[in-house]
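Colleague: I'm new to reading protein models. Could you walk me through this one, step by step?

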Amino acid sequence: ATLFLVDDVTDEVWSIVAQGIPPIRFNKSIGIIGACVSAPCILNIPDAYADARFNKDIDLKSNYKTNNILCVPILHNSTKKCLGAMQIINKTGPPPDKQDEDNTEKEVDSKEVSVDFDAEDIKIMSSFCKVVANSIVMLQKERRKSIVVNTAEPDAERPVAPKNASQETKSEKPAKVKRNQVAPDISA
């Protein structure tokens with residue numbers, strides 16, 4: 001899976017693949033990702049090479065073969081502006097003849113094959129992209145705040161309230177951090 005973000009300044013999408021490898025960056029009108037973010041929609045592509053929008057350049061550069069793709073846009077929860085997209089490639093599973101009637105795997109040692117993304121995959125990725133959207137919006141706000149703070153002209157000398165002796169000796173308790181919580185919906 002790869003997270004691609006839209007860069008509105010350059011009209012590109014970009015992603016950091018791995019540390020030490022330069023980011024992938026290309027015009028947002030190119031490829032499946034471009035199609036997904038330009039007219040935000042879910043794209044479920046069972047055969048990447050059969051789709052005219054598929055950009056084979058990345059496969060050629062990486063010596064990798066993309067079989068199938070699920071691409072889900074990441075939309076701002078209140079404005080519905082497209083912030084980017086999540087792309088998942090090459091879903092595999094047991095061969096269809098190695099499954100029981102209830103679609104569960106039989107107790108057979110079988111090699112996995114390429115299988116299509118299904119409605120459950122789309123539902124999970126759509127939910128995940130909503131959480132990612134909240135995180136992206138919050139990070140962008142923090143980044144803008146830090147840019148404003150760092151570029152603001154220094155204030156004239158402001159008087160600083162002196163600390164009293166009792167404040168200096170007290171150790172401040174760190175704030176408790178709540179774990180495993182979903183980012184709040186900022187549109188609320």
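Colleague: Let me start with a turn. How many residues lie between S5 and S6 in their hairpin, and which residue in the turn has a positive phi?

Modeller: Keep in mind that this is a predicted model. There are six residues between S5 and S6 in the hairpin, and the one with a positive phi is Lys 80, at about 65°.

Colleague: And how do S5 and S6 pair up?

Modeller: Strand S5, residues 69-75, runs antiparallel to S6, and seven bridges join them. To find the pairing on screen, look for Leu 75, which sits opposite Cys 82 in S6.

Colleague: Which strand pairs with S6 over four bridges?

Modeller: That's S1, residues 2-7, and the sense is antiparallel here too.

Colleague: What should I know about side chains when I look along a strand?

Modeller: The general idea is that side chains in a regular strand alternate between the two faces of the sheet.

Colleague: So is S6 largely enclosed or open?

Modeller: Count a residue as buried if its relative accessible area is under 20%. In S6, residues 82-89, seven of the eight residues are buried, so the rest of the structure largely encloses this strand.

Colleague: What about the second largest pocket: how much space lies in it?

Modeller: About 490 Å³. Of its 19 lining residues, Leu 5, Val 6, Ile 136, Gln 140 and Arg 143 are the closest to the centre. S1, S6 and helix H3 (119-151) each give two or more residues to this lining.

Colleague: Which of them has the largest share?

Modeller: H3 does, with seven residues. Sorted by class, the lining of the second largest pocket comes to 10 nonpolar, three polar and six charged residues.

Methods: Residues are numbered from 1 along each chain as its sequence is written. This is a predicted model: local features need pLDDT of at least 70, side-chain atom pairs count only at pLDDT 80 or more; totals for chains, interfaces and linings use all residues. Side-chain values use heavy atoms; hydrogens and water are left out. Buried means under 20% relative accessible area, exposed over 50%, partly exposed in between (1.4 Å probe, protein chains only). Two strands pair if DSSP finds at least two bridges between them. On a 1 Å grid over the protein atoms alone, a cavity is a set of points where a 1.4 Å probe fits but cannot get out, and a pocket is an open set with protein on both sides within 12 Å along at least five of seven lines; lining residues have an atom within 4 Å of a point. Grid points are joined across faces, edges and corners, and a volume is the space filled by probe spheres set on the points. Ala, Val, Leu, Ile, Met, Phe, Trp, Tyr, Cys and Pro count as nonpolar, Asp, Glu, Lys and Arg as charged, and the others, Gly among them, as polar.
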